[in-house]
Amino acid sequence: MAQQIALFVRKAISVLMSAIAAIGALFTGTPTVEQGNIKLVNEYSYSLDDGISLGQGITTDGTYFYGFGALKVAGYCGIAKIDAKTGEIVNNSEYCIPKDIMLKGYTHFGDGSYYEGRLYIACEDIGFRNPAVFVYDAETLEFIEYRQVPENVLKDAHLPWCVVNNGVVYMSEFDNVDEIKMLRLSDFSYIGSIKLDMTLQHVQGGDIYGGTLYLSSNDGNKVKPTYAVDLATGSTKVSFVRGTGKTDTEAEGLAVYPFEDGSLFHIIDVGASVSLRSYAPAE
């Protein structure tokens with residue numbers, strides 16, 4: 001009964017959000033590339049109701065996209081499994097945090113990562129004191145475990161994103177990001193940090209490709225920068241800047257993976273709808 005009530009509340013809130021978004025859509029512009037050598041090659045769009053389980057982050061195994069969503073006011077976290085060729089949501093796990101763990105205050109998924117058959121999802125607790133990484137089976141979307149980030153690793157205890165690569169978990173704060181923290185995946189012990197040569201704001205998501213960490217940001221008005229960090233040196237630069245067409249459109253998480261259509265960067269934008277936009281390096 002409690003689960004049915006929670007789902008009803010989630011539905012009611014998302015329907016209200018969709019109605020508000022429909023009005024906002026009248027003023028939505030066309031997404032653009034403002035800076036950088038990329039071009040938009042594909043876009044999947046979802047209503048706020050359907051897209052609620054993928055509005056915070058995205059990852060992929062090359063066959064499926066996996067979206068992560070949250071609605072804090074309803075205590076909701078969800079995972080969507082999406083056919084990468086069609087954009088169809090083929091599986092959806094709503095209220096996917098076990099109740100006893102949710103009652104500890106975990107209410108907000110961020111961006112996450114696919115690694116060796118598992119999904120690793122950044123999650124914040126409601127008081128921003130004990131951020132954790134939640135782990136799910138990618139095939140079934142079933143919960144496996146959660147691991148708290150060691151105390152004092154993150155200065156403000158925000159955890160908007162995490163990436164797992166070669167047995168290491170990478171993560172950062174949301175604002176005033178001047179270093180990337182690293183944990184050992186096997187036991188979540190602290191390894192160290194990569195110092196950046198610039199400070200980033202409103203970091204929403206991250207992924208690693210070819211020795212480079214790409215970080216999506218909502219630090220802008222109608223334009224949203226994505227940064228490239230050299231993992232060996234910490235050298236940081238703007239990789240590209242996208243125009244989302246509307247001031248209240250929020251750039252969220254990203255995945256970096258090469259598909260046959262040439263696309264490489266896959267980014268979630270949330271405004272009047274939830275959009276999964278894929279960009280290819282321009283020739």
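How many bridges join β8 to strand β9? There are 6, and the two strands run antiparallel. Strand β9 covers residues 132–137. Before going on, some ground rules. This is a predicted model, in which local features need pLDDT of at least 70 and side-chain atom pairs count only at pLDDT 80 or more, while totals for chains, interfaces and linings use all residues. Residues are numbered from 1 along each chain as its sequence is written, and side-chain values use heavy atoms, with hydrogens and water left out.

Two terms come up throughout. Strands (E, at least two residues) are DSSP runs, numbered from the N terminus, as are helices (H or I, at least four residues). Two strands pair if DSSP finds at least two bridges between them.

Stay with β8 and β9. Y120 stands opposite V135 in β9. The hairpin of these two strands has 6 residues between them. There, F128 takes a positive phi near 55 degrees.

On its other pairing, β8 meets β7. These two pair in the antiparallel sense over 7 bridges. Y106 has D125 in β8 as its bridge partner. The hairpin of β7 and β8 has 2 residues between the strands. In this hairpin, E116 takes a positive phi near 50 degrees.

Now look at the rings. The structure holds 14 aromatic pairs. Rings of Phe, Tyr and Trp (its six-membered ring) pair if their centres lie within 6.5 Å; planes under 30 degrees apart count as stacked, over 60 as edge-to-face and the rest as tilted. Take Y106 and Y146. Their ring centres are 5.6 Å apart and their planes stand at 65 degrees, so the pair is edge-to-face. This pair links distant parts of the chain, 40 residues apart. Y106 sits in strand β7 (residues 106–115), and Y146 in strand β10 (residues 143–148). Both Y106 and Y146 are buried.

Y136 and F143 form another edge-to-face pair. Their centres are 5.5 Å apart, with 70 degrees between the planes. Y136 counts as buried, at 0% relative accessibility. F143 counts as partly exposed, at 28%.

Next comes a sheet. Which order do the strands of the open sheet of 5 strands have? The order is β1-β18-β17-β16-β15, with antiparallel pairing. The edge strands are β1 (32–35) and β15 (203–209), and each pairs on one side only. Neighbouring strands of this sheet are turned by 25 degrees against each other on average, direction ignored. For such angles, axes are lines fitted to C-alpha atoms, for helices over the stretch in contact, and angles run from 0 to 180 degrees between N-to-C directions.

Cross this sheet from β1. Here, 3 bridges join β1 to β18, and the strands run antiparallel. T32 stands opposite G243 in β18. Then β17 (residues 223–230) and β18 (residues 236–243) are joined by 7 bridges, again antiparallel. K224 has R242 in β18 as its bridge partner, and Y227 stands opposite V238. Their hairpin has 5 residues between the strands, and G234 takes a positive phi near 85 degrees there.

On to β16 (residues 212–217), which 5 bridges join to β17. S216 has T226 in β17 as its bridge partner. A hairpin of 5 residues joins β16 to β17. In β17, 6 of the 8 residues are buried, so it is largely enclosed by the rest of the structure.

Last, a space. About 270 Å³ lies in the second largest pocket. Of the 16 residues that line this pocket, the closest to its centre are G62, A84, K85, F259 and E260. On a 1 Å grid over the protein atoms alone, a pocket is an open set of points with protein on both sides within 12 Å along at least five of seven lines, whereas a cavity is a set where a 1.4 Å probe fits but cannot get out; lining residues have an atom within 4 Å of a point. Grid points are joined across faces, edges and corners, and a volume is the space filled by probe spheres set on the points.

Conventions: Buried < 20%, exposed > 50% of the residue type's maximum accessible area, 1.4 Å probe, protein only.
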